[in-house]
Amino acid sequence: MLPFTIEKVRSVEAAIAAASSGRRLIAGGTTLIDLMRDEVEQPQQLVDINALPLSEIRVDRSDLVIGALARMADVAAHPDVQRLHPMVAESLIEGASPQLRNMASIGGNLLQRVRCPYFRMLDAACNKRSPLSGCAALGGLNAGHAILGTSDHCVATHPSDVAVTLVALDATMRVVGPKGERTFLVEELFRLPGDTPHLEHTLLPGELIVEVRVPGGPVGRRGRYLKVRDRASYEFALVSAAAALDVADGVIRGARLAVGGVGTRPWRMRAVESALIGKVPDRKVFEAAARLALEGALPLSGNRYKLELLPRTIVRAFEMTGGIA
Amino acid sequence: MTMAIIGRPLARVDGRAKVTGAARYAADFNQPGQAYAVIVSATVGLGRVTGMDSAAIEKMPGILAVLSHLNAPRLAYGQHKSYIDPATGERLHVLQDERIRFHGQPVAVVVATTIAQAERAAAALRVSYNAERPVVDSAGPEARPIVPEAGRQPDARLPADKARGDADRALAESPVKVDETYDIARENHNPMEPHATIASWNGDRLTLWSKSQFVVNEQAEIAAIFGLPLENVTVICPFIGGAFGTSLRTWPHVTLAAMAAQHVRRPVKLVLTRKQMFFTTGHRPRTVQRIALGATADGKLTSVVHEGTGETSRYEEFMEALTSVTTFLYSCPNVRTRYRLVPVDTGTPNHMRGPGEASGVFALECAMDELAYKLRLDPIDLRRRNEPAIDEGENKPFSSRSLMRCYDLGAEHFGWARRTPEPRSMRDGRLLVGMGVASASYPAFHAPATARARLLPDGTAEVEIAASDMGPGTYTSMTQVAAETLGLPVERVRFSLGRSDYPPAPSHGGSWTMASVGSAIRAACIAVREEAAKGRTDRPIEATASSQRDPQAAERFSMHSFGAVFVEIAVDPDVGTIRVRRAVGAYGIGRVVNPRLARSQCTGGMVGGIGMALMERTVLDARDGRPVNAHMADYLMPVNLDILQLEAHFVEEADPHVNQLGVKGLGEIALVGIAPAIANAVFHATGKRVRALPIRIEDVLTA
């Protein structure tokens, strides 16, 4: 670990000023400290933003508004979150471990870095960590890696669970920076790796995530998050699905689907959603629609099973939204 | 006066110390003026170190020394081998030459005033290599099996080849056959406590506070490596935070801590990182095994062939009892076993809980289940039809054998009668339910040990032996033996272990601590009791006594523990997740000294078995031999949410031959049998036979 300084800021303005000058912001630290210990991250100056008044969880009209510094555990346990968007709570509980959830913030969760083992080993080739050094995962262990949105430069999945749900629900985020404030879809935060995998998100220099807003409405209330993995807890998703349906008069009026564990970013599945509209929800309909999820999927040497597991996970997640145990 | 203390479910006598933090582990013995050492590990899998920029590092703040093969002292590395070291080959000589034999081998050690300075400098040290491509796949095209040197003699403890009858001919002539290959992944022990050593020299005397399951051997090994008289080295280790075999041998980091402390002339602390625990501290070797069974139409075994290979390093031949159980578990006139090693570019493997028996029994017990299906027999019935009267491999009677009683007891507690044999025939809602069963067995070992007991005038007693307690409850069970033998309440017995200057104990592994250490303590306490009976005295009464197994009994009898393991799993047919809902084990282990600790041992072993069956594997990158998933988030072991209901039961078993305590030992057997029971349950649930461990979602997805 390299030596570093840490200072505390007490206002959003001070945080923006610090971030603009190239200092790194730290909230829960569950990703950053871990990576600093391995010297994958080497910031010299940290700015602790935990004192900023950004932890509130509230309902604004029917929208759920989550402060960027709200802890995963607090959001998951919040009665309004459980009432309005149970799938947000579900995807948070399925993530990490209780100790990590007590520390990690929502803003930090969205910005967490990939779990590719080669990214975390300084002596392995990794374009994300060290541009143009190559990608060790392509010819190595890649059973957990992506089949969607990959490039020759990077095949790592985005690790967040709750981001998958937020993308499914058209959640937006408000950020503030030196040039003012802007609001955009959470989905737009994430970049594809392309030939610049070291660039992971679309925040501008000095920008700070302030809050995440999840639109209300009937679709979210019956959404479910299904995470499939070999261990029951504390493992990243092999495949996950955030699925929600709005059914009226026995017909699907609205559908939402995003998947995790398979994409280089949380992956919205609009083709699958469209295929469900106007249909009567049943397993055959779900299976037909889920096949569309594989469009453009490119398996690696060790993750071909995801071509089978992805549509099955989608089908199962939609079944769960209908209360099929 | 006798009090029945042995057999009581006493709570751990050291439990309070452990939960309050009063128990001190190796890394807790900080010494005044102590410096910190960090190992720099090779980043290539084979080759040579060609350069090292230590000059740049030596200028960094707080750096006291950078030791590598370029400047490290040439150590004596005198001859020393214990039974826990491979019989053939020579241990790694650390920092003695430029050769890299495996990924992660230590190439330097950095010593600094603070841990942060040492870590920083170790990360900054630039090492250049002439790298070659290692061979790490022991089942790949470049694998070259060898006959283990120590197994060449027919009377070897682990014979490479052993046969009775003509198994191959009998197999060819058998009306019903199973002939399959089983593959078990390499695993790492991953105890919670990392390896740690604090080394402190006083002239030419060395004290090591070091995590060890065998303090007297660590003493002897370090004395041999440094060319010191045995009595100049003291090893202290009162508590161990889990080990599972990884601390049986003395690994290079202990040598490096002592070397560093000698060089900087102050005490040095060295703790391995989690990642480094995948490099130089042993692992369960990957094994590939062929089992062929032949049987008559009514289920009588006519042939058993067991051919197994295990990986080892290029410089030592690590052997384990991979094929042993096959020679006596069932009655069969024609049995042939073959054991080979495949040297690859890796560190030397070592015993991991249940060791070779767990791996070998996995293959045999899966094959027995496959045979039961071919014969349309209940798997327990198949085993009953082949229950032997004697150990047919050794041609002598068992001192005791309760396998079928274990099946009866286990089946009753588990509810085996409710099982319908057809695959995919049992469901719980959407979920496929599978029930599987397997036998377990582990030898009832007994090694020589010596203990000292002292009865004080105040009516309390002290008992000392250089044993270890890695978690099974040695402190408690030995206190019970001493208290009962001396006729004292347990509160008046102070039992100490974990110092090499106490009377010698064998290694704390192989489930022989209770038999060996317990018998020595009993002998010492009897000697004290007899002395005390001669009359009152104001002086302490002290006695030192040794014990070993009655050689005549050892000659006459085959001594093993047996068990029957039952598992119920649920498989999600849509997404392939596998959950172990229940496990029930029934064991015949002789006398149970403390039922509470014994159950704890069994459930712990079951958790390990669930890991072996469904999660654990160390993945090596074929390009450079790197353990890719050397991280607790990536090397999967069960967490609390994976563990539902575990039960252990013990059959009444009086065995007067094993030792005077009548104990066979417990620990290893608790892991044996779990993995095959789970694999058999997976078949029952899904109809798919998975013969490679761990069994993962991707294996059952298309069932």
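Which residue is the bridge partner of A:Val259 in β12(A)? The views below give the answer within a predicted model, in which local features need pLDDT of at least 70, side-chain atom pairs count only at pLDDT 80 or more, and totals for chains, interfaces and linings use all residues. Residues are numbered from 1 along each chain as its sequence is written, while chains are lettered from A and ligands numbered from 1 in the order in which they are written.

**View 1. An open sheet in chain A has four strands in the order β9-β10-β11-β12, with antiparallel pairing.** Strands (E, at least two residues) and helices (H or I, at least four) are DSSP runs, numbered from the N terminus. Two strands pair if DSSP finds at least two bridges between them. β9 (224–228) and β12 (267–268) of chain A each have a single partner strand, so one side of each has no neighbour in the sheet.

**View 2. β11 (residues 251–260) and β12 of chain A pair in the antiparallel sense over two bridges.** A:Trp267 in β12(A) is the bridge partner of A:Val259. Helix α12 (residues 305–321) of chain A packs on the sheet and touches β9, β10 and β11 of chain A. The direction of α12(A) makes about 35 degrees with that of β10(A); axes are lines fitted to C-alpha atoms, for helices over the stretch in contact, and angles run from 0 to 180 degrees between N-to-C directions.

**View 3. In the interface, 24 residues of chain A are in contact with 28 residues of chain B.** Contact means C-beta atoms, placed from the backbone, within 7 Å. α12(A) gives the most to the side of chain A that touches chain B, with seven residues.

Conventions: Two residues are in contact if their C-beta atoms, placed from the backbone, lie within 7 Å.
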